[in-house]
Amino acid sequence: MLIKKLLKNLQDKYILNEGEDIKLPEFKRSDVVRRNIIFSGKVQKVGFRYELYLIATKLKLTGWVKNRDDGKVEAEIQGERDKIEFLKTYMCSLKRIKVTDIKEVDIPVKDEEKEFITVY
């Protein structure tokens, strides 16, 4: 149990460092949208939610992310369209994660939402 906790802490530190080092491109203003996105593949037990949370926060996106019982990760992400596209591309580019499919649908924007959270 202790070894598992130590490995988790190392993984979290690695992800945090990786997220801090990312260079964000210059974004032109784009429409604000909200999308429900379901990521399939090797997306659980690899730091996917934590990394998505860090990058979404850095991009000033709002919404939430959670693991599903079927092994997929689901998120509702709100913000500028180009930033959401960047986030999806970034998550698919990570070596320790293997996204095999993304299903997404536009949903109504929640104007009152102010932060991005991880749901457990």
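Okay, let's start with the rings: this structure has four aromatic pairs, where a pair means Phe, Tyr or Trp rings (six-membered ring for Trp) with centres within 6.5 Å, called stacked if the planes are under 30 degrees apart, edge-to-face if over 60 and tilted for the rest.

One of them is Phe27 with Phe86, edge-to-face, at 5.7 Å centre to centre and 80 degrees between the planes. That pair links distant parts of the chain, 59 residues apart: Phe27 sits in the loop between α1 (2-21) and β1 (32-42), and Phe86 in helix α3, residues 81-93. Helices here are DSSP runs of H or I, at least four residues, and strands are runs of E, at least two, numbered from the N terminus.

Quick word on where this comes from: it's a predicted model, with local features needing pLDDT of at least 70 and side-chain atom pairs pLDDT 80 or more, while totals for chains, interfaces and linings use all residues. Residues count from 1 along each chain, and side-chain values use heavy atoms, without hydrogens and water.

Back to Phe86. Its ring is also stacked with Tyr90, centres 6.4 Å apart and planes at 20 degrees. Phe27, Phe86 and Tyr90 make one aromatic cluster.

Now, the largest nonpolar core: 25 residues, meaning buried Ala, Val, Leu, Ile, Met, Phe, Trp, Tyr and Cys joined through side-chain atoms within 4.5 Å. Buried is under 20% relative accessible area, exposed over 50%, partly exposed in between, with a 1.4 Å probe and protein chains only. Helix α3 gives the largest share, five residues.
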